[in-house]
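This report is for a reader who is new to the structure below. Please look through the sequence and the model before reading on.

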Amino acid sequence: MNFFETQDRARRTTRRLVFAYVIATLLIVAGVTLIVGFSLYTFTDAQYAYTPEQFAESNVGILAAAALITALVIVGGSLFKTAVLSSGGGAVARQLGGTQVSSDVTDPLRRRLRNVGVIAHEFSHILNGDMRLNIRLMGVLFGIMVLALFGRFIVRGVYYGGSSSSRRDGGAAAIVIIGFGLLILGYIGMFFARIIKAGVSRQREYLADASAVQFTRQTEGIANALKKIGGYGHGSRIEATDPEEVSHMLFGSGARLAGLFATHPPLVERIQALQPNFRESDFAPVDRRTAQHAGSEFGDAVRGFAPGIAAVEVPYQPASLAETVGNPSERHVRYARQLRE
């Protein structure tokens, strides 16, 4: 693959999507301001004294305040959510039951985990600032949701807080319209914001795959890791928390989000970007196995990661490995050839 061209294309698409995200947020602010102006003009005596244009000119301060308050609600919600998520990837991973794998780990399986091509993919997310970008987008999304919650609170407060006669007067009617406006615009904004955010996330996955190829100068590692995910018949899902909040940390989708809301591109498309001749029928079934210790299961784990490798006994004890340095036998050469294939 031409990884530089793929990276440039992903970055261009990301910039367009982020721009659309900003425009959508500004449209929400403008929409709320318009609803406030419409409500005040329609349900008060102002409609008898002013034309709409005159009313807008004479109430610029009120409309500006409505726009400012709306923006502050979105920004405040965004900052709150960003602060909640700023504990870092390690804290989120531990919440999901993850275990830190230190650089001096001696377990062969965990050593292998630190050395596969997947690490290059995740390193790319950090290098390209994807974590920061995703958290900011989520913060804005939460701010828009707060706007919708305010609208629902206003509607419920007017409905349950006053008498039936007071609910029929102009002031109460204006407040109800504003509340419904916030509610509707908030949920519409959330709908489109989630679509755009998911689109950004998918493009960053393509970018990370291409960057992994750049770092390792080979496509087999990242492609085989994706094939292994596709080989699990029942898939790999995280059910313990909101998948959308941790989706940017996952190598695969990890959640039942599909279509426009999918945070990761389809596995087949990601693999085809690396190996154009791959087809969905080429997925090799993979047995889910949990290795409790290195021992005799090390060979099985290697074959699970690279299906098709024949059984070859390879010493795994440090002392045994040290004895073979510079003196490979025929079985070592045979194992290396099969592993590379």
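The model shown is a predicted one. A193 belongs to helix α10. With neighbours up to four places away in sequence set aside, A193 contacts Y21, L141 and I144. A193 and V18 are 175 residues apart along the chain, and their C-alpha atoms are separated by 10.0 Å.

## Nonpolar cores

The largest nonpolar core is made up of 20 residues, and Y21, I28, V32 and L147 have the most contacts inside it. Four helices, α1 (3–42), α4 (60–85), α8 and α10 (170–216), are the elements that give two or more residues to this core. Another core, of 13 residues, lies apart from it; I222, V268, F278 and F283 are among its members.

Within the largest core, I28 is one of the residues with the most contacts. Beyond four places in sequence, I28 touches I74, I144, L147, L185 and G189.

D130 lies in helix α8, which covers residues 130–161. The relative accessible area of D130 is 5%, and because buried means under 20%, D130 counts as buried. The side chains of D130 and R204 are joined by a polar contact of 2.6 Å. Along the sequence D130 and R204 are 74 residues apart, while their C-alpha atoms are 6.9 Å apart in space. Apart from neighbours within four places in sequence, the contacts of D130 are S124, H125 and R204.

D209 is located in helix α10. Its relative accessibility is 3%, so D209 is also buried. Leaving out residues up to four places away in sequence, D209 touches H121, I222, L226, R270 and L274.

## Helix α7

Helix α7 runs over residues 118–127, and its buried residues include V118, A120, H121, E122, S124 and H125. Two of these link to the aspartates described above: H121 is touched by D209, and H125 is in contact with D130. S124 is in contact with D130 as well. After α7 comes G129, which has a positive phi, near 70°.

## Aromatic pairs

A search of the whole structure gives 4 aromatic pairs. In the pair formed by F191 and F192, the ring centres are 5.2 Å apart and the planes stand at 85°, so the pair is edge-to-face. F191 is partly exposed, at 41% relative accessibility. F192 is partly exposed too, at 45%.

## Confidence in the model

The mean pLDDT of the protein is 76, and 75% of its residues reach 70 or more.

Another is residues 290–315, with 40 contacts beyond four places in sequence. Where pLDDT is low, the predicted coordinates should not be read in detail.

Notes: Residues numbered from 1 in each chain as written. Predicted model: local features only at pLDDT ≥ 70, side-chain atom pairs only at ≥ 80, totals over all residues. Heavy atoms only, no water. Buried < 20%, exposed > 50% of the residue type's maximum accessible area, 1.4 Å probe, protein only. Contact = heavy atoms within 4.5 Å. Polar contact = N/O pair within 3.5 Å; in protein donor to acceptor, adjacent residues only side chain to side chain. Core = buried A, V, L, I, M, F, W, Y, C linked by side-chain atoms within 4.5 Å. pLDDT = per-residue confidence, 0-100. Phe/Tyr/Trp six-rings, centres within 6.5 Å; stacked < 30°, edge-to-face > 60°.
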